[in-house]
Amino acid sequence: GDTDGLKFESASADIADLSHKPVLKITGKTHESSNDVLEFIHQSPLDSTVGQWLKPFDVTGPLAMLLELTLPLTDEDAIEVNGQLEFLGDTATWVDAKQSLTHVNGKLNFDNKSNVSAKAIKAVLEGGNVLLDVNTSKEKSIPSAVNLDFSGVMTDEQIAKISKQEKIKDYIDGQSAYSGQ
């Protein structure tokens with residue numbers, strides 16, 4: 001079907017039990033350009049959750065999205081949304097830092113309660129491979145904060161390029177593993 005311009009390859013709706021607390025479960029999957037998928041997110045109630053986490057990034061390339069809506073028919077306030085964005089070789093540029101991750105591959109899980117998570121998203125940063133893990137922060141004072149863990153290996157050339165300090169190559173040689181949060 002087609003929802004707000006986004007074509008879903010497969011969609012289904014099911015009510016397992018109409019007699020006792022009926023719940024409508026709707027699932028759908030789409031594979032579109034990142035612009036179309038992110039526009040759908042930003043024009044939906046998901047903008048206040050996963051949309052806020054994605055706003056600092058300019059993403060180009062194809063994205064797959066799986067959505068699952070759980071709608072209790074007797075309690076409309078108990079709606080749940082679970083989803084997954086699958087990066088399929090995309091480029092993600094952190095606009096404020098002017099840093100780009102290329103060849104981004106992996107799955108980002110999200111829900112309508114501001115939770116996001118990902119394990120071992122693979123990407124390339126300045127020519128070096130990097131792994132990213134993402135989890136919603138458990139810090140109560142910052143309810144929408146996300147922890148980002150990253151690790152990789154970087155050569156002296158890549159360090160000079162990313163630090164914008166070409167003379168650093170006079171003092172370092174080879175490559176180094178790195179990790180951070």
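The mean positions of the 16 positive and 28 negative charges of the protein lie 5 Å apart; Lys and Arg count as positive and Asp and Glu as negative, with His and the chain ends not counted, and each charge is placed at NZ of Lys, CZ of Arg, CG of Asp or CD of Glu. The model is predicted, so that local features require pLDDT of at least 70 and side-chain atom pairs pLDDT 80 or more, whereas totals for chains, interfaces and linings use all residues. Residues are numbered from 1 along each chain as its sequence is written, and side-chain values use heavy atoms, without hydrogens and water.

The C-alpha atoms occupy a box of roughly 75 × 35 × 25 Å along the principal axes. Of the 181 residues, 33% are buried (under 20% relative accessible area, 1.4 Å probe, protein chains only). Among contacts (heavy atoms within 4.5 Å) with a separation of 6 or more, 48% involve residues 24 or more positions apart.

The protein contains 3 helices and 11 strands, arranged along the sequence as β-β-β-α-α-β-β-β-β-β-β-β-α-β; these are DSSP runs numbered from the N terminus, helices being H or I of at least four residues and strands E of at least two. Strand 5 (residues 62–72) pairs with strand 3 (residues 23–33) in the antiparallel sense over 11 bridges, pairing requiring at least two DSSP bridges. Within this pair, Leu 71 of strand 5 stands opposite Leu 24. Strand 5 is also joined to strand 6 (residues 80–94), again antiparallel, by 8 bridges, and Leu 67 has Gly 83 of strand 6 as its bridge partner.

Key. Buried means under 20% relative accessible area, exposed over 50%, partly exposed in between (1.4 Å probe, protein chains only).
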